Amino acid sequence: MSVDSETVLVGRLRAAGCVFAEDEARLLLAAAATPAELEALTARRVAGEPLEQVLGWAGFRGLRIHVEPGVFVPRRRTELLVEEAVRLAPPRPVAVDLCCGSGAVGAALAAELDLAELYAADLDPAAVRCARRNVPGEVFEGDLYAALPDGLRVRVDLLVVNVPYVPTEAVALMPPEARLHEPQLALDGGADGLDIARRVIAGAPAWLAPGGHLLIETSERQAPALVRAATGAGLVPRVATSDELDATALVARRGRGLGGS
């Protein structure tokens with residue numbers, strides 16, 4: 001493509017509201033094998049489809065994660081879950097990526113840890129199909145813990161969960177890329193955004209190994225409520241944050257003894 005043609009492409013992307021139009025143009029050019037394919041990809045992006053879904057991949061912890069249309073796009077802030085899990089992992093941990101979406105978290109854990117076992121699960125069939133291309137472990141379809149094999153009970157060292165946590169009324173205020181092109185069930189966390197997170201916390205003690213950790217992405221505003229829920233479930237919670245990633249997570253440990261300590 002000529003310099004003039006690339007300039008036109010950048011202009012089209014910028015006019016469509018793409019803040020990083022030059023970067024996106026380079027990625028689209030690299031992805032397209034022919035001018036016709038470039039036009040098709042550009043038209044999808046200009047129409048508002050997330051760049052990652054257009055390209056077919058998203059960057060996450062240095063990996064290229066396969067992403068399909070209609071599947072939740074991994075966010076960089078979710079890398080905080082992986083950072084914390086890697087730091088807390090015992091030797092040869094058993095890990096679960098729950099509410100896995102594309103399976104980005106599970107794929108990153110497998111790349112950075114010597115896992116004994118890795119499992120992932122999601123309620124969305126499209127996400128499960130996508131995750132099976134990314135996760136080097138077993139991927140199940142179903143509602144939270146109901147999707148997991150019973151043999152995992154009290155064996156999970158790292159239970160890492162990117163729950164939907166947007167309050168229902170706030171979903172309509174999200175950017176069109178998310179609310180129009182990602183599944184509602186991956187965004188909507190109920191009236192206060194914490195319906196799914198509370199269910200995950202309540203069920204976690206039955207699945208965590210002694211000393212195992214539950215890690216849930218959340219917001220700074222929602223974190224205190226999750227700390228209370230984790231304490232009520234008998235877990236030992238703390239809040240992890242990253243200014244660089246603009247991220248917040250609940251990290252809750254299951255005690256090694258009967259008293260939860």
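Student: Does threonine 248 count as buried or exposed, and at what relative accessibility?

Tutor: Before that, a word on the source: this is a predicted model, in which local features need pLDDT of at least 70, side-chain atom pairs count only at pLDDT 80 or more, and totals for chains, interfaces and linings use all residues. Residues are numbered from 1 along each chain as its sequence is written, and side-chain values use heavy atoms, with hydrogens and water left out. Now the idea: buried means under 20% relative accessible area, exposed means over 50%, and partly exposed lies in between (1.4 Å probe, protein chains only). Threonine 248 has 11% relative accessibility, so it counts as buried.

Student: Where is threonine 248 found, and which residues does it touch?

Tutor: Threonine 248 is found in strand β9. Helices (H or I, at least four residues) and strands (E, at least two) are DSSP runs, numbered from the N terminus. Contact means heavy atoms within 4.5 Å. Leaving aside residues up to four places away in sequence, threonine 248 touches Leu80, Ile216, Glu217, Thr218, Ser219, Glu220, Ala223, Val239, Ala240 and Thr241.

Student: Leu80 brings me to helix α5; which residues of α5 are buried?

Tutor: Helix α5 covers residues 79-88, and its buried residues are Glu79, Leu80, Leu81, Val82, Glu84 and Ala85. They pack against β1 (57-60), α6 (104-112), β6 (156-161), β7 (208-218), β8 (235-242) and β9 (247-254).

Student: How do the axes of α5 and α6 cross?

Tutor: Axes are lines fitted to C-alpha atoms, for helices over the stretch in contact, and angles run from 0 to 180 degrees between N-to-C directions. The axes of α5 and α6 come within 10 Å and cross at roughly 35 degrees. As for handedness, a crossing is left-handed if the near helix is turned anticlockwise from the far one by less than a right angle, and right-handed if clockwise. The crossing of α5 and α6 is right-handed.

Student: Which residues meet there, and of what class are they?

Tutor: From α5 come Val82, Ala85 and Val86, and from α6 come Val105, Ala108, Leu109 and Glu112. By class, this contact of α5 with α6 has 6 nonpolar, no polar and 1 charged residues. Here Ala, Val, Leu, Ile, Met, Phe, Trp, Tyr, Cys and Pro count as nonpolar, Asp, Glu, Lys and Arg as charged, and the others, Gly among them, as polar.

Student: How many aromatic pairs are there in the whole structure?

Tutor: A pair of aromatic rings is described by the distance of the centres and the angle of the planes. Rings of Phe, Tyr and Trp (its six-membered ring) pair if their centres lie within 6.5 Å; planes under 30 degrees apart count as stacked, over 60 as edge-to-face and the rest as tilted. A search of the whole structure finds 2 such pairs. One of them joins tyrosine 119 and phenylalanine 140, stacked at 6.3 Å centre to centre with 15 degrees between the planes. Tyrosine 119 is in strand β4 (residues 117-122) and phenylalanine 140 in strand β5 (residues 138-141), 21 residues apart, and the pair links these distant parts of the chain. Tyrosine 119 has 10% relative accessibility, so it counts as buried.

Student: Why is the pair of tyrosine 145 and tryptophan 207 called stacked?

Tutor: The ring centres of tyrosine 145 and tryptophan 207 are 5.6 Å apart and the planes are at 10 degrees, so this pair is stacked. Tyrosine 145 lies in the loop between β5 and β6, and tryptophan 207 in the loop between α10 (195-203) and β7, so the pair ties together parts that are 62 residues apart in sequence. Both tyrosine 145 and tryptophan 207 are buried.

Student: What does arginine 153 touch, and where is it found?

Tutor: Arginine 153 is found in the loop between β5 and β6. Apart from residues up to four places away in sequence, arginine 153 touches Ala206 and Trp207. Its relative accessibility is 41%, so arginine 153 counts as partly exposed.

Student: And alanine 120, is it buried or exposed?

Tutor: Alanine 120 lies in strand β4 and counts as buried, at 0% relative accessibility.
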